[in-house]
Amino acid sequence: MFDTFRSSSKLITKFTEHTSAVYSIDYSTFDDCQFICSGSHDNIVRVCDINKNKQIQSFNGHSDFVYCVKFSSYHYRNHHQNVICSSSRDKTIRFWDFKHNRQLQVFDEHTENVCGIEFSQFSGGKYLCSGSFDKTICLWDVETSKLLRVFNRHTDGVLCVDISPLQSKNKNDNNNESCDIGVIGGNGYTICSGSWDNTIRIWDIETTKQCNLFKGHTDCVNSVKYGSNELLNTILSGSRDESVCLWDIRSGKQIQVFNGHTDSVNAVEYSPFVTRNIGNSNVICSGSTDNTIRFWDIRSNMNELYMIKGDDKEDDRILCLKFIELKKKNKTKNVTYDLNLCYGSNKGHICIWG
């Protein structure tokens, strides 16, 4: 419940290993251990063990800023490898085995900075999409390291991407380990992208054709996310124009605009929270250069439900967000912190609230 989080949340953990802005964080569990990975302006990919509350690995193979990091479920499921994928201003996408401290694949076919990356939820995470300053979105086969598709109608750099969620209505697609690229298109999977050209676009994975074009933001789009469950046909976006927007994929129209931030919105997330026992996932969250994290009720344009203010000296700006579900702490009395919010700041700190 959101009200519980709002009334009891506090800063519970902080990681301070990065020496510059943290652009991206991700969370996953491998072999019952809980990890956070992060990418930074300091060019380094870092891995922290949440249980041990310390950094356990770092990779400095990128020669420029690391814009995005994601844990690879594909490598864990198929090869039992603990792998992180990272994208960088050095124009490459790299895979790192953090258990054995080694670099695996390198994708280097983008011609400019590689910004957002996202793995598919279908096919066990076999596919990866990436957005670049070269104005294209690429779809890669992680298993073969091959470039499969290029999507190229944006008129400026692509800052963020997302892949539509798993469609459980298709019986053969629940685990979908054998799904090939033709079946993906047949099942209607799409990619969403946000760009410096101020637009959000949706692409059919099989045909590479543009399905939707959303115009409404007046500055670059920094973050896009597909909804799930009853919000399956929505997209959430955050922009440098200081607004958070909700879009309806079916009608191609803007549903809601949430105003309140006083600077660029760098990250948006659908939260797992609900308010007053009505519906599911009706709380959204946004992080901004104004050094705040704000929570909004998806069903109204009212003022934000709650705001977390970053420390002016320790944080400076909120650059990325991630909801994480930590294991219950048996020693904690009265309250157990199951659902937590993790954010990365301009000063290089990674903070966990719960």
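Select Trp203 first: Trp203 stands opposite Gln210 in β17. Then select residues 199-204, strand β16, together with residues 210-215, strand β17. The two strands pair in the antiparallel sense over five bridges; pairing requires that DSSP finds at least two bridges between the strands. Strands here are DSSP runs of E with at least two residues, and helices are runs of H or I with at least four, numbered from the N terminus.

Next, go to the turn. β16 and β17 form a hairpin with five residues between them, and Thr208 in the turn has a positive phi of about 65°.

This is a predicted model, in which local features need pLDDT of at least 70, side-chain atom pairs count only at pLDDT 80 or more, and totals for chains, interfaces and linings use all residues. Residues are numbered from 1 along each chain as its sequence is written, and side-chain values use heavy atoms, with hydrogens and water left out.

Now select residues 114-119, strand β10, which contains Glu118. Glu118 counts as buried because its relative accessibility is 17% (buried means under 20% relative accessible area, exposed over 50%, partly exposed in between; 1.4 Å probe, protein chains only). Show Lys70 as well: its side chain makes a polar contact with the side chain of Glu118 at 3.3 Å (a pair of N or O atoms within 3.5 Å, where within protein one must be able to donate a hydrogen and the other to accept it, and residues adjacent in sequence count only if both atoms are side-chain atoms).

Finally, zoom out to the whole protein, which has three helices and 28 strands. Of its 354 residues, 58% count as buried.
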